[in-house]
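Please read the following note with the model open beside it. The points are numbered so that each can be checked in turn.

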Amino acid sequence: MRTEMKIKSLFFGLTLMTTGFISAQTTNTTQAATVQSTAATNPAIDALLKQVAAKPDDTQALVTLATAYQDAGDWNSAISIWNKITTIIPDWAPAYYSIGYANQSAKNNAGAKAAYEQYISKVKPEEVDASKQNLAYAYFFIAFQDKDTDKEKAKQYIAKSLQYDGSNQDALNLSKSLMN
């Protein structure tokens with residue numbers, strides 16, 4: 001019972017710190033129930049929640065927790081934790097990519113697009129080589145989302161995607177369809 005109260009308190013605190021992606025998708029009550037059920041069935045998540053409760057700014061524990069939520073398919077909880085990480089480390093590009101991935105997995109394409117745009121803007125020049133695959137995908141996703149509403153932007157983004165990964169068949173196909 002005491003663990004449930006700690007989880008509720010921890011989750012409520014994390015929810016208050018999010019930037020709003022979650023509130024558009026579910027209610028806090030639903031989220032708290034999801035966290036409790038995931039933690040109850042996943043001892044690793046329960047242990048990580050306790051670790052984060054003891055040290056709320058432990059970014060390594062937060063990353064591990066967000067990843068564990070993703071592995072469990074608990075996308076809303078993953079998004080919440082990734083958002084907390086961005087409040088602690090606002091310029092850390094991988095967190096934004098992960099928010100995009102989790103939103104996309106949760107079928108929130110608008111949230112995914114916004115996060116991938118943030119990711120692109122946060123990648124530092126010295127990180128580009130190591131981030132090529134993720135950059136290619138982020139640009140592709142945005143181009144795909146914009147293909148019907150902003151064809152010119154989609155063309156620019158698909159060109160950037162192909163610059164980072166010229167072998168992506170989906171990007172090549174989208175590029176070809178945008179030229180028609």
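Is Ala 115 buried or exposed?

1. Ala 115 is buried, with a relative accessible area of 2%, where buried means under 20% relative accessible area, exposed over 50% and partly exposed in between, for a 1.4 Å probe and protein chains only. This is a predicted model, in which local features need pLDDT of at least 70 and side-chain atom pairs count only at pLDDT 80 or more, while totals for chains, interfaces and linings use all residues. Residues are numbered from 1 along each chain as its sequence is written, and side-chain values use heavy atoms, with hydrogens and water left out.

2. Ala 115 belongs to helix α7 (residues 109-122); helices here are DSSP runs of H or I with at least four residues, numbered from the N terminus. Leaving aside neighbours within four places in sequence, Ala 115 is in contact with Tyr 96, Ile 99 and Gly 100, contact being heavy atoms within 4.5 Å. The C-alpha atoms of Ala 115 and Tyr 101 are separated by 8.5 Å, although these residues are 14 residues apart along the chain.

3. Lys 107 is found in the loop between α6 (93-105) and α7, and it counts as exposed at 72% relative accessibility. Lys 107 has a positive phi of about 65 degrees, although it is not a glycine.

4. Tyr 137 and Phe 141 form a tilted aromatic pair, 6.4 Å centre to centre and with 35 degrees between the planes. Rings of Phe, Tyr and Trp (its six-membered ring) pair if their centres lie within 6.5 Å, and planes under 30 degrees apart count as stacked, over 60 as edge-to-face and the rest as tilted. Because they are four residues apart in helix α8, Tyr 137 and Phe 141 are separated by about one helical turn. Tyr 137 is partly exposed, at 27% relative accessible area, whereas Phe 141 is buried, at 5%. Both rings belong to a cluster linked by ring pairs, which also includes Tyr 97, Tyr 116, Tyr 119, Phe 140 and Phe 144.

5. The buried residues of helix α10 (residues 169-179) are Ala 171, Leu 174, Ser 175 and Leu 178. Seen down the axis of α10, these residues fall within an arc of 100 degrees, so they line one face of the helix; the arc is that of the directions from the helix axis to the C-beta atoms. What covers the buried residues of α10 includes α8 (132-146) and α9 (151-164).

Definitions and conventions
Helix = DSSP H or I, 4+ residues; strand = E, 2+ residues; numbered from the N terminus.
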